Amino acid sequence: MVIAVRHLGPNWYAAVMGTAAVATAGAALPGPRVPGLRTVCAAVWALSLLLLLALLAARALHWTHHRDQARAHLLDPAVAPFYGCLSMALLAVGGGALTVGRDWIGDDAALALDVVLFTAGTATGLAAAVAVPYLMAVRHRTMAAQATPVWLLPLVAPMVAAAVGPLLVPHLPPGQARATLLLGCVAMFGLSLLATLLMLPLVFARLITGGPLPLALTPSLFLVLGPLGQSTTAVGAFADAAPGALPAPYGEALGVLAVLYGVPVTGFALLWLGLAGAHVVRARRHGMGFAMTWWAFTFPVGTCVTGAAALARHTGLFVYDGLAVGLYGLLVAAWAVAAVHTARGLFSGALLAAPRPAPVAPRPVTVRTTSGAVR
């Protein structure tokens, strides 16, 4: 077991995030309830909790017995951003405890679990949002041509905290406690949003000027949906929690923000979904095989489901009901494919094997023509 986890990176937390997203997004779907859906969502949430516990134990073994590899991950600009996934996994499972997990473990246990995971997830998310960009600037040697959507991961973690934090607001005493938590979530929303707006132009510019991403990284284009869908979910959650936490003018303003912010951002998310989907189709035609990056098809799409559900609540428009249901179907299909391939790779050992060394490029050959020109 100790040897098996040597190459277990922080990117594996994406599987926990994607599984929890299936549960929470299914519970948030608007419209009439599908019989048995909530029970299935509770079971999927329980699976995400088990996966989280197993992965935390495996990563603890990794840090205890393979510190050299763990340090190498931190100093690798392609791996370090995935440390934001730890925070998002904790937050996703914690938020799911209150939304659907309480059906199985009870209200008190769900609240206690969410408090612990929200606290740990928020702390690690804020740390990652500072530490990873610092490492990228000081220790990593990166160029603009290397920019990928993976760079967004540590910056999105505080947005996930902002989106799930309002679930705890009604459980706090009225007054200062509720207002402090809610406005703290609004602050994390702003922190993550502005940081994402700084990083996203680098990603888009690299895509336009440098051409398509490598095949294995192409699914990471779906990561851009994360801050878009999660921020829409967050402003909807602010509006839901505001009436019992903030004075009337501010509560009403957050209700307006939920619509005026959420509608255009969801429009851009749909544009990006089409663009990313076209790149994935192209990559498949060029031989893209399964990699753990396929989990990028899950959690970001799940945030768009909860974002569309929030807009359905605050606008009353049936079009957002349909959008949420359609995106949820895409999420479930993507999760099923990623889960089957991941299980297969685990049983075969392929996903835990050491990465293959990059092929050595042949040395350039200088040829002199009869005219004396060098080419």
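Visitor: How much space lies in the second largest pocket?

Guide: Start with the general idea. Rolling a probe the size of a water molecule over the atoms shows where empty space is left. This is a predicted model. Here the second largest pocket holds about 630 Å³ of space. Its lining has 30 residues, and the closest to the centre are Ala 28, Thr 99, Leu 167, Thr 233 and Thr 306.

Visitor: Which helices each supply at least two residues of that lining?

Guide: Among them are α1 (13-28) and α4 (84-105). The others listed are α6 (153-164), α8 (225-241) and α10 (299-315).

Visitor: How do the lining residues of the second largest pocket divide into nonpolar, polar and charged?

Guide: The lining has 16 nonpolar residues, nine polar and five charged.

Visitor: Now the rings. How many aromatic pairs does a search of the whole structure find?

Guide: A pair of aromatic rings is described by the distance of the centres and the angle of the planes. The search gives seven pairs. Take Phe 189 and Phe 238: their centres are 5.9 Å apart, with 85° between the planes. That pair is edge-to-face. Phe 189 sits in helix α7 (residues 176-210) and Phe 238 in helix α8, so look at the separation too: 49 residues, a link between distant parts of the chain.

Visitor: Which other ring pairs with Phe 189?

Guide: Tyr 261 does, again edge-to-face, at 5.6 Å centre to centre and 75° between the planes. Tyr 261 belongs to helix α9 (residues 248-285) and Phe 189 to helix α7, so this pair ties together parts 72 residues apart in sequence.

Visitor: Which residues form one aromatic cluster?

Guide: Phe 222, Phe 290, Trp 294 and Phe 297 do.

Visitor: Last, the cysteines. How many disulfides does the count come to?

Guide: A disulfide is a covalent bond between the sulfur atoms of two cysteines. The count here is zero.

Notes:
Residues are numbered from 1 along each chain as its sequence is written. This is a predicted model: local features need pLDDT of at least 70, side-chain atom pairs count only at pLDDT 80 or more; totals for chains, interfaces and linings use all residues. Side-chain values use heavy atoms; hydrogens and water are left out. On a 1 Å grid over the protein atoms alone, a cavity is a set of points where a 1.4 Å probe fits but cannot get out, and a pocket is an open set with protein on both sides within 12 Å along at least five of seven lines; lining residues have an atom within 4 Å of a point. Grid points are joined across faces, edges and corners, and a volume is the space filled by probe spheres set on the points. Helices (H or I, at least four residues) and strands (E, at least two) are DSSP runs, numbered from the N terminus. Ala, Val, Leu, Ile, Met, Phe, Trp, Tyr, Cys and Pro count as nonpolar, Asp, Glu, Lys and Arg as charged, and the others, Gly among them, as polar. Rings of Phe, Tyr and Trp (its six-membered ring) pair if their centres lie within 6.5 Å; planes under 30 degrees apart count as stacked, over 60 as edge-to-face and the rest as tilted. A disulfide is a pair of cysteine sulfur atoms within 2.5 Å.
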